Amino acid sequence: MLFSPKKRYVVQTLGSEVLRRKAAPIPAVTAEIRELAEYMYQTLRQFDGIGLAAPQVGHSLRLVVLAVPPESMSSPPSPGERELLPQMPLVLVNPEIVDRFGDIAVRDEGCLSVPDIFAPVPRPSRVILRSQTLDGGIITAECGGLLGRCIQHELDHLDGVIFCDRVEPDEKRLIESDMRRLERYGSKHQYQRVITR
Ligand code: ZN
């Protein structure tokens with residue numbers, strides 16, 4: 001439509017102060033929280049990601065949206081993948097990891113807040129996620145595979161941690177100049193990536 005208002009989707013990038021803050025718990029799911037979750041999901045789609053935490057869109061709140069592709073299911077799948085992958089997109093309210101176990105798995109990660117930079121991140125291969133849902137339910141699920149990794153990555157954002165912080169020193173050296181370049185670029189663009197559509 002010729003005169004339809006354009007929507008702006010904004011993701012905070014490395015160097016943005018809100019990405020380093022510990023996010024606040026959500027006391028109640030209000031209309032504003034639902035609206036924020038919807039905006040986060042639309043933003044995730046526009047930027048073609050699989051997970052997004054509220055600090056990445058500038059809100060220091062413990063809210064995460066996951067859109068991990070069902071095709072990523074491990075074989076055999078963890079119970080959490082079997083339960084949660086068919087429910088994507090999934091909104092997590094005040095999520096926590098109550099336990100981590102299994103081997104340490106190393107896999108390349110990227111982040112919408114750290115565009116074009118990828119590095120291997122060691123993480124426990126299984127976690128137990130506990131979270132509220134938008135409709136007041138509680139999820140408790142043992143998650144592995146890409147889902148388990150994505151949960152750890154997104155929940156890190158709620159504590160001000162970015163995946164680059166967890167990269168081993170030898171690998172970190174390889175991305176440090178790119179990270180500095182991104183922060184310099186960000187400082188001239190309010191640390192924001194914007195899509196207008
Ligand atoms: Zn991220």
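Helices are DSSP runs of H or I with at least four residues, and they are numbered from the N terminus. By this definition, H157 is found in helix α3. The close-up views below are taken from a predicted model.

**View 1. The zinc ion is coordinated by C111, H153 and H157.** The donor atoms are SG of C111 and NE2 of both H153 and H157, at 2.0 to 2.2 Å from the zinc ion.

View 2. Is H157 buried or exposed? The relative accessibility of H157 is 1%, and because buried means under 20%, this residue counts as buried. Apart from residues within four places in sequence, H157 is in contact with L19, R21, A53, P55, Q56, C111 and I162. One of these contacts, C111, is also a donor residue of the zinc ion.

**View 3. Helix α3 is largely enclosed by the rest of the structure.** Of the 14 residues of α3, 13 are buried, so the helix is largely enclosed. The end C-alpha atoms of α3 are 21 Å apart, which agrees with the 20 Å that its 14 residues should span at 1.5 Å a residue. After α3 comes G160, with a positive phi near 80°.

**View 4. The largest nonpolar core has 22 residues.** The residues with the most contacts inside this core are L66, L84, M88, L147 and I151. At least two core residues come from each of β3 (63-66), β4 (90-109), β5 (119-132), β6 (138-143) and α3 (145-158). Which element gives the most to this core? Helix α3 does, with 6 residues. L147 touches L66, V68, G80, E81, L84, L85 and M88, when residues up to four places away in sequence are not counted. Apart from this core lies another, of 18 residues, which includes L44, F47, L52 and V93.

**View 5. Helix α1 and the strands against which it packs.** Helix α1 covers residues 31-47, and its 17 residues reach 24 Å from the first C-alpha to the last, close to the 24 Å expected at 1.5 Å a residue. The residues I33, L36, A37, M40, Q42, T43, L44 and F47 of this helix are buried. An α-helix has 3.6 residues a turn, so residues three or four places apart point the same way. The buried residues of α1 pack against β1 (8-12), β2 (51-53), β3, β4 and β7 (192-196). D48 follows α1 and has a positive phi, near 60°.

**View 6. Helix α4 bends at I175.** Helix α4 covers residues 169-187 and has 19 residues. From its first C-alpha to its last, α4 reaches 25 Å, close to the 27 Å expected at 1.5 Å a residue. The bend at I175 is about 45°. I175 is itself buried, as are M179, L182 and G186 of this helix. The buried residues of α4 pack against β5.

**View 7. Strand β4 pairs with β3 and with β5.** The strands β3 and β4 run antiparallel and are joined by 4 bridges. V65 has V91 of β4 as its bridge partner. Between β4 and β5, the pairing is also antiparallel, over 12 bridges. Here D108 stands opposite P120 of β5.

**View 8. R82 in helix α2.** Helix α2 covers residues 79-84 and contains R82. Is R82 buried or exposed? The relative accessibility of R82 is 52%, and because exposed means over 50%, this residue counts as exposed. R82 touches M73 and P77, not counting residues up to four places away in sequence. C143 is 61 residues from R82 in sequence, and the C-alpha atoms of the two residues are 8.9 Å apart in space.

Notes
Residues are numbered from 1 along each chain as its sequence is written. This is a predicted model: local features need pLDDT of at least 70, side-chain atom pairs count only at pLDDT 80 or more; totals for chains, interfaces and linings use all residues. Side-chain values use heavy atoms; hydrogens and water are left out. A nonpolar core is a set of buried Ala, Val, Leu, Ile, Met, Phe, Trp, Tyr and Cys residues joined through side-chain atoms within 4.5 Å. Buried means under 20% relative accessible area, exposed over 50%, partly exposed in between (1.4 Å probe, protein chains only). Contact means heavy atoms within 4.5 Å. Donors are N, O and S atoms within 2.8 Å of the metal (3.2 Å for Na, K and Ca); water is not among the atoms, so sites may look incomplete. The expected span of a helix is 1.5 Å times one less than its number of residues. The bend at a residue is the angle between axes fitted to the seven residues ending there and the seven starting there. Two strands pair if DSSP finds at least two bridges between them.
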